[in-house]
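Please look over the model below. The report covers confidence, a helix pair and the cavities.

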Amino acid sequence: GVNPPQDELYWRGPVLWDFDGNTWTQGNLEHAERRQIPSSRDAEWWYEVQLEPHEQHWLFALDYPTRWPRGSFVTHDHQLVTRNPVTTLTRYEISTAPNFKDLPDELPFQSKFRSLRLPKERNVRTIAMMEAWRQEAPSDHALVQKSLNYFREQEFFYSLEAPPLGLNGVDEFLFDLRVGYCEYYASAFVVMMRAADIPARVVTGYLGGEYNSVGNYLLVRQSDAHAWAEVWIEGEGWIRVDPTAMVSPERVEYGASAAVDYSRGWQDWSWVRHFQTSVDAVRNLWNQWVLSFDSRRQQRLFNPLGFGQLKHEHLIIVLIILLAVGGFILHFLLQRQALQTKEEAVRLYRRALRRLKPLGLRKSPNEGPFEFAERIQGQLSNAGAEWMLITRDYYQIRYAGNTERLESLRQRCQRFRPKLEAAEKSPAMTI
């Protein structure tokens, strides 16, 4: 089916209501309060989650669950919680309805009280600013937007390295520090909303994930951990607001690694990333077909292979051998695919070179691709820049092993149509 867009991949975890001035906590998960659950008929996304053990009670899902695994329940604020801690690899099927409106007509008294409460005599500068904005704003929507514009227009920065905040942490962050990560922005925004008499809460979980093309699944890492806000607007219910997107839109659109300006060195090489992707796909298969099965199912799985009577420790040895053989075959196939890609790049590059010959532009045997591109760039008035881009794609594929550039090279070569009148005539060079 169709995957959700990247900026909708908010994996909902603990919802935080109570703030003592320094720390956000969940409070009571199961207090008696009216709630609305979307109908299974409204579900748009159906998927399976494989969750590593984390010793806590919460599961993760996109908003909003319409079906959940046995032994778990959905709280009044749509957290998915299991009654026993997740201590082993856990797989569950789930469906969600992203367009569901949570309590659009009326917010129950207890939720309204908790989502407006702030500690006394804390963050007085923030409260004073929001009280003034409240008087000026024509609506809750306008006040929410004004607050988001404050993050976007002022000099705020996203960083994973931020100092701890003091007694009036929100004041320090909004007016003095202005540097922090998602928890700083979500917390400050929720305090701003509560100070303006708009119910708000903090939601934690994960954002995004990296698509694994080998295994056809989305890998969500610990580095994708995120925090955002929800505000309650009459007629619309609880709606998601992510203030981090105002400061670092790359965090929402492209993932956690794009939000921080750093390079992982050799880990950024295309063949290393491809190898890591393949290894994780094999690990995922191991989790699906071995670790998540009990011994009886494991025996049933290996019976057709003639290993059904082997002891458990012997099965592990067999699996290691099979994985080693599979890894060798996978490595061979990847190397073969890379070689084919390089050969295709050479063919495309030579075909493009032939289109330059009628202009009297020929590449010398002792001339490198970039040397040739620089030499002819001044002689082509209409296609010099495009030829340099073709050269870069070709060089990345042929010499750096970046096979992902093949499609770009193919399209550029197809569009490359230099004209005779666009070149300054120069003596032909023979190969």
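## Confidence

Residues 421–431 have a pLDDT under 50. pLDDT is the predictor's confidence in each residue, from 0 to 100. Even so, the model gives this stretch 22 contacts beyond four places in sequence. A contact means heavy atoms within 4.5 Å. Where pLDDT is low, the predicted coordinates should not be read in detail.

The chain averages a pLDDT of 83, and 81% of the residues score at least 70. Residues 261–267 fall below 50, with seven contacts beyond near neighbours in sequence.

This is a predicted model: local features need pLDDT of at least 70, side-chain atom pairs count only at pLDDT 80 or more, and totals for chains, interfaces and linings use all residues. Residues are numbered from 1 along each chain as its sequence is written, and side-chain values use heavy atoms, leaving out hydrogens and water.

## A helix pair

Helix H12 spans residues 369–377 and helix H13 residues 384–398. Helices are DSSP runs (H or I, at least four residues), numbered from the N terminus. The axes of H12 and H13 lie 9 Å apart, at an angle of about 175°. Axes are lines fitted to C-alpha atoms over the stretch in contact, and angles run from 0 to 180 degrees between N-to-C directions. H12 is therefore roughly antiparallel to H13 (an angle over 145 degrees).

Among the residues that meet are Phe370 and Ile376 in H12, and Trp387 and Tyr394 in H13.

## Cavities

The whole structure holds two cavities of 30 Å³ or more. On a 1 Å grid over the protein atoms alone, a cavity is a set of points where a 1.4 Å probe fits but cannot get out.

How values were computed: Helices (H or I, at least four residues) and strands (E, at least two) are DSSP runs, numbered from the N terminus. Angles under 35 degrees count as roughly parallel, over 145 as roughly antiparallel, 65 to 115 as roughly perpendicular and the rest as oblique. On a 1 Å grid over the protein atoms alone, a cavity is a set of points where a 1.4 Å probe fits but cannot get out, and a pocket is an open set with protein on both sides within 12 Å along at least five of seven lines; lining residues have an atom within 4 Å of a point. Grid points are joined across faces, edges and corners, and a volume is the space filled by probe spheres set on the points.
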